[in-house]
2 protein chains.
Amino acid sequence: MTDEQDLGITSSKSHQTGDWYAEVVQKGEMADYAPMGGFIVTRPRGYAVWERLQENLDGWFKETGVQNAYFPLFIPESYLEKEKDIVEGFDPEVAWVTHGGNEELEERLAVRPTSESIIAPFLAQWTRSHRDLPLRLNQWCSVVRWEATETKPFFRTKEFLWQEGHTAHADEESAWDETMTRLDQYERLYEEVMAMPVMKGRKPEHDKFPGAHTTSTVEALMPDGKSVQGGTSHYLGTSFAEAFDIEFVDEDEEMQTAHTTSWGLSWRAMGALIMTHSDDQGLVLPPAVAPEQVVVVPIYSEDTQEEILEYSADIAAELDEAGVRVHLDDRDHRNPGFKYNDWELKGVPLRIEVGPNEMADGEVTFSHRPDGESITESREDLPATVEEHLDAVFAKLYASAEETLEGEIREAESREEILGTLGQHGGYVETGWCGDEACEEPIKDAIAAEIVMVPLDRDEEPIHDECAICGEEAEETAYFAKSY
Amino acid sequence: MTDEQDLGITSSKSHQTGDWYAEVVQKGEMADYAPMGGFIVTRPRGYAVWERLQENLDGWFKETGVQNAYFPLFIPESYLEKEKDIVEGFDPEVAWVTHGGNEELEERLAVRPTSESIIAPFLAQWTRSHRDLPLRLNQWCSVVRWEATETKPFFRTKEFLWQEGHTAHADEESAWDETMTRLDQYERLYEEVMAMPVMKGRKPEHDKFPGAHTTSTVEALMPDGKSVQGGTSHYLGTSFAEAFDIEFVDEDEEMQTAHTTSWGLSWRAMGALIMTHSDDQGLVLPPAVAPEQVVVVPIYSEDTQEEILEYSADIAAELDEAGVRVHLDDRDHRNPGFKYNDWELKGVPLRIEVGPNEMADGEVTFSHRPDGESITESREDLPATVEEHLDAVFAKLYASAEETLEGEIREAESREEILGTLGQHGGYVETGWCGDEACEEPIKDAIAAEIVMVPLDRDEEPIHDECAICGEEAEETAYFAKSY
């Protein structure tokens, strides 16, 4: 590839987070910018990370009754209009196909911004009896939202990859369980696969998905103090079912309206992952998603070359056999120092160094990414030892992200305190809130922070007695943050 | 779901192939028609088949050096125009995005009909040295071609799912090897997974992919005597590399132009699969792709219900444990006859019937789809026995498809013979051909048949001395057929 990695990362995570992120994404070979503003190219190393996230989530979905399907890329304008709330929510962001070949279309087609309005009619068609429920569909696809903002790979792009689940249920309880099952799976993906703690909550009423009864969310804290909506799971009540006639005959032969849900997680999760763990040396990836979990770097001189390369190849072969994703870097035209930097830039969690000392003593030297801890171990039982070290790397990453999050939830009791705390520290500010959108506005206007979540449980007692803004009785505990 | 399956398939495969196919696809729950002409909805059972095809092919790709990536859905018009041949080939079939939100775009964007023109610039960017080659990328995505023809699920749809591979190589040999490796993998998918023999060949010069040096193809024969292009692998020579500056520094520090390939297989493979094996009872699916490989149907009366259901559940659990995709049909509101028909309609390859006799004797009764062969076996070592029966079903399907193909290759030595043979039998007609497109035209005009392939090896001696049409010296052996 290019030699630009020789330069390494030139900007600083703490001082120039935006530039640093763009550099890490490009030099770590996750993505490049496409010729059209707002679009990116997901490079093989980036796509491999996405595939690992897909594999995990898709497996959990299938274990819990979800079936994959595929619905058309285009949605007729009249279908989008059937759910007025959706149109109001998405109309300004839709990419429109107006011509097919040389002909103008009679009805223009939206490139799907989300698929409720094309999937719901089929949920209606396939739902006849209570025996057909719950009906749980998911699709992995890309969607397009024509937002005119600066491109930020995985965070802000006009086209993005995601999964969207759409389900129909016989009653509220079943639909609510579904909503929470998917939210829990998103949380699990962050915590067990991406080594990131998240907060679970619910969007305030004025920030719900259009038409939803409840929009639940997992929120992840970024190192610059902003919150990322990491995945959302919507309980839609009967609003979509009423608009699209999703009805069924119950056990008593009575016609009933179904309750529906939808839930989605996009490649923004990858953006959050990259931003959370990476550092000024480049990409840092948890072992579960890294394209290569281990790189073996042989260190040799002319007279030891043959035997050290052989010893290294044996090691790589043994790990490969054991199912470890391992790469032997036997490039002869690069020295070990270059290789160390190169694989640090590319986020390989564990490096194995093999030099004459290691070979003589039947050992290997491990080096952990990101903290560079170096440990020499016996070469015996190598797959088990590697497993332990990968677990150790995961634990370090998780602990570091957890420590950051825990220190970044602060309380505030007045408008000035909210503004001061968010302005100074970022992170989350926990306050009492009366529930009125008007009390969010002064904060939004002043520093572009908003209520990113309230507690999931609607009956939970607010922590504070009074709304920090208006002083009226608090109805909820609100979490203010700046967000992506 | 609906009760329409009660009716079963009402049209006949041999007499009303088109209607029969549409019925099998819908009643077998593979797909439904979308509200817009030319688009379909791939239902969960259909998508599960596509996932099995993906899994197999993707695994082979990765074992042979291919990396997945993802490129934008849209291609700027000016990019498409860079490769004039592609524009000429695809322009009339492109869906155009002209508006984003409420704004008209400055440059309209094509919804990708294929991605050479957006991928090639990145192959150029990522190719610097001979060490970067071969560079092998693949993406799984959907593409859109605005063809104004009747919708036929999986065969003719404006949007279709496929994979498209794009590779760059240092020389012709490496690129040609790549072209053949992918063609062989397509053949393997048909033969080992889909139980379908195929013919490998090359498209005549006038029917190549625009800009290609060679378009190789696997062709599958459908039961109505038409040929389906089952997957194509193109050796593109240096034409794309020249148009998009894909160059590299070789070992002697000289600048060289790369050789490129592209290759694709679409969900048309699923259409060919469904059409080949299915019958008047419904869908027939080979074990490797069937969503359920085995269905267990308990046959009980009121007083045997409990113990037979328990025996059946044990069987299903044991098979599930062994990795067999098994479904226990314990629906109490349906009788065994209904269940037999239902699962035959849905293409489950192997049925296990469990009644009082089977239970008393510690046995199970197998029934094969499609031929209904019924065999009673001991319940001991059930996973191994099931494996054998699944293999037997596969062998039957393959043998039947092979027999059809072998009987459908006929020779002809004159225009009249070609027309007569194709008109009467369909299938393939093998003739001598001078190589001139003009000699294909009279056949095309008369009965819409064409040369679907010539032998892969350009040096292969033609079987016939003379062109069957013009009587000049034959340059090639041509295979005429009607095609999808």
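**Questions on a two-chain model**

Student: Which residues of H12(B) are buried?
Tutor: Helices are DSSP runs of H or I with at least four residues, strands are runs of E with at least two, and both are numbered from the N terminus. A residue is called buried under 20% relative accessible area, exposed over 50% and partly exposed in between, with a 1.4 Å probe and protein chains only. By that rule, the buried residues of H12(B) are B:Leu382, B:Thr385, B:Val386, B:His389, B:Leu390, B:Val393, B:Leu397, B:Tyr398, B:Ala401 and B:Leu405.

Student: What pLDDT do side-chain atom pairs need in order to count?
Tutor: Residues are numbered from 1 along each chain as its sequence is written, chains are lettered from A and ligands numbered from 1 in the order in which they are written, and side-chain values use heavy atoms, with hydrogens and water left out. This is a predicted model, in which totals for chains, interfaces and linings use all residues, local features need pLDDT of at least 70, and side-chain atom pairs count only at pLDDT 80 or more.

Student: How far does helix H12 of chain B reach from its first C-alpha to its last?
Tutor: This helix covers residues 382–407, which makes 26 residues. The expected span is 1.5 Å times one less than the number of residues. The expectation here is 38 Å, and the helix comes close to it, reaching 38 Å.

Student: Why is helix H8 of chain A said to be largely enclosed by the rest of the structure?
Tutor: H8(A) runs over residues 268–277, and its buried residues include A:Arg268, A:Met270 and A:His277. It is largely enclosed because the number of its residues that are buried is 10 of the 10.

Student: Which residue stands opposite A:Ala95 in E5(B)?
Tutor: Strand E5 of chain A and strand E5 of chain B, each of residues 95–100, pair in the antiparallel sense over five bridges. Across this pairing of the two chains, A:Ala95 stands opposite B:Gly100.

Student: Which residue in E6(A) is the bridge partner of A:Ile75?
Tutor: Strand E6 of chain A, residues 103–111, pairs with E4(A) over three bridges and with E5(A) over four, in the antiparallel sense with E4(A) and with E5(A). For A:Ile75, the bridge partner is A:Ala110.

Student: What rotation superposes chain A on chain B?
Tutor: The copies are superposed by least squares on the C-alpha atoms of residues with pLDDT of at least 70 in both. The RMSD is 0.0 Å with 0.0 Å of shift along the axis, and the rotation is 180°. That is the relation of a two-fold axis.

Student: Which residue of chain A comes closest to the rotation axis?
Tutor: The copies meet through the same surface, because 100% of the interface residues of chain A are also interface residues in chain B. At 2.1 Å from the axis by its C-alpha, the closest residue of chain A is A:Val97.

Key: Pairing = 2+ DSSP bridges. Contact = heavy atoms within 4.5 Å.
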